[in-house]
Amino acid sequence: MATINSPATTLAAAAAAQLDSYTNQAVLTVHGKDQPGIVAAVSTMLAGLGANIVSLDQYSDNPEGGKFYQRTVFHLAELNVKLPALEAELGETITKGFGLQWKLTQRSVPKRVVIMASKSDHCLLDLLWRQRRGEIPMTVPMVIGNHPELADDVRGFGIPFLHVPSKPGPDKSEAEAKMLDLIRGNADLVVLARYMQVISEDFIEKVGVPIINIHHSFLPAFIGAGPYRKAKERGVKLIGATAHYVTPDLDEGPIIEQDVVRVTHADTALDLQLRGADVERAVLSRAVLAHCEDRVIRADRETIVF
């Protein structure tokens, strides 16, 4: 009897095959003070090692001594074997030669993404669904929840769900210590998929990887809790969502992705919340995808997204 594959299975298999095809590809991001010769030097260095550039994007905010950003995807046969020599050359060419910062990642290695959630499921399930379909190059070692309600949904994807409750009150140190023990060594990125707790500066510092949050507002408007209620009270005609990197300053980290939807005076606060959920999950998924594809360079309080 012939086996009929579902579209989801077929798409996931195609995505996995594409990831395999990236085995000898790497992504190089460079940023720092703009100066003549950077692109030529990087290209010459890669060519000297036998690499073939697949794509190259660059941006300068001021050609007369401003800031320079570049993302290069290249193919290099036997990449794993040549990585030490490549990294040494990058240090000489980019760090010593131009005083720039750089990051090199293997394109075939998916990011390990730990997701944290509370009771809302829309952002979490959207990420898990896209990961299963191969739409985002990531693995999910675990989902951590401060409430148990989403456990069955998460385990249905074959992913461990770990319940770490938070005690009432401002002191979350005990819960954060447990989460740090779970996350350390298991993540390249943490995503707050409507995790309705304020993350402490200590946690941000100790977790050791970037954290992406989804805020249900078009920042910088309506920072903090209850943005849909605040939006209704102000009579706004557009509501939105913002995905940003987490910093100690609440909802003020570098913005990665945003989107909006139009509303009217007839929409209630609940209507806004329901319509906003679609925007939230789309914005968060796009932000996580950009990060996992190494298309985001953080620059102080802003981001460059290629």
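Me: Before we explore this predicted model, what is a pocket?

Reply: Picture a 1 Å grid laid over the protein atoms alone. A pocket is an open set of grid points with protein on both sides within 12 Å along at least five of seven lines. The residues that line a pocket have an atom within 4 Å of a point.

Me: How much space lies in the largest pocket?

Reply: Let's start in the middle: of the 26 lining residues, the closest to the centre are Leu19, Tyr22, Gly134, Ile136 and Pro137. The space in this largest pocket is about 460 Å³.

Me: Which element gives the most to the lining of the largest pocket?

Reply: At least two lining residues come from each of α1 (7-21), α4 (122-132), β6 (138-139) and α9 (269-292). Among these elements, the one that gives the most, with five residues, is α1.

Me: By class, how many charged residues has the lining of the largest pocket?

Reply: Sorting the lining by class gives 13 nonpolar and five polar residues. The charged residues in that lining number eight.

Me: Which strand gives the most to the lining of the second largest pocket?

Reply: This second pocket has a volume of about 380 Å³. Of its 20 lining residues, the closest to the centre are Gln197, Val198, Asn213, Leu250 and Asp251. By class, the lining divides into ten nonpolar, seven polar and three charged residues. The strand that gives the most, with three residues at 211-215, is β10.

Me: Is Ile223 buried, partly exposed or exposed?

Reply: You can find Ile223 in the loop between β10 and α8 (227-234). Together with Val198 and Leu250, Ile223 makes a nonpolar surface patch of about 260 Å². Buried means under 20% relative accessible area and exposed means over 50%. Because the relative accessible area of Ile223 is 32%, this residue counts as partly exposed.

Me: Is Glu64 buried or exposed?

Reply: Look for Glu64 in the loop between β2 (52-60) and β3 (67-75). In space, C-alpha to C-alpha, Glu64 is 7.5 Å from Asp34, though the two are 30 residues apart in sequence. The cut-off for exposed is over 50% relative accessible area. Glu64 has 72% relative accessibility, so the answer is exposed.

Me: How far apart in space are His163 and Leu182, C-alpha to C-alpha?

Reply: His163 sits in strand β8 (residues 161-163), and this residue is partly exposed, with a relative accessible area of 40%. Along the sequence, His163 and Leu182 are 19 residues apart. In space, their C-alpha to C-alpha distance is 11 Å.

Notes: Residues numbered from 1 in each chain as written. Predicted model: local features only at pLDDT ≥ 70, side-chain atom pairs only at ≥ 80, totals over all residues. Heavy atoms only, no water. 1 Å grid on protein atoms, 1.4 Å probe; cavity = no way out; pocket = protein on both sides within 12 Å on 5 of 7 lines; lining within 4 Å. Points joined across faces, edges and corners; volume = space filled by probe spheres on them. Helix = DSSP H or I, 4+ residues; strand = E, 2+ residues; numbered from the N terminus. Nonpolar A, V, L, I, M, F, W, Y, C, P; charged D, E, K, R; others polar. Patch = residues over 30% accessible without salt bridge, like charges linked within 9 Å, V, L, I, M, F, W, Y side chains within 5 Å. Areas by Shrake-Rupley, 256 points an atom, 1.4 Å probe, with all protein chains shown as cover. Salt bridge = Lys/Arg side-chain N within 4 Å of Asp/Glu carboxyl O. Buried < 20%, exposed > 50% of the residue type's maximum accessible area, 1.4 Å probe, protein only.
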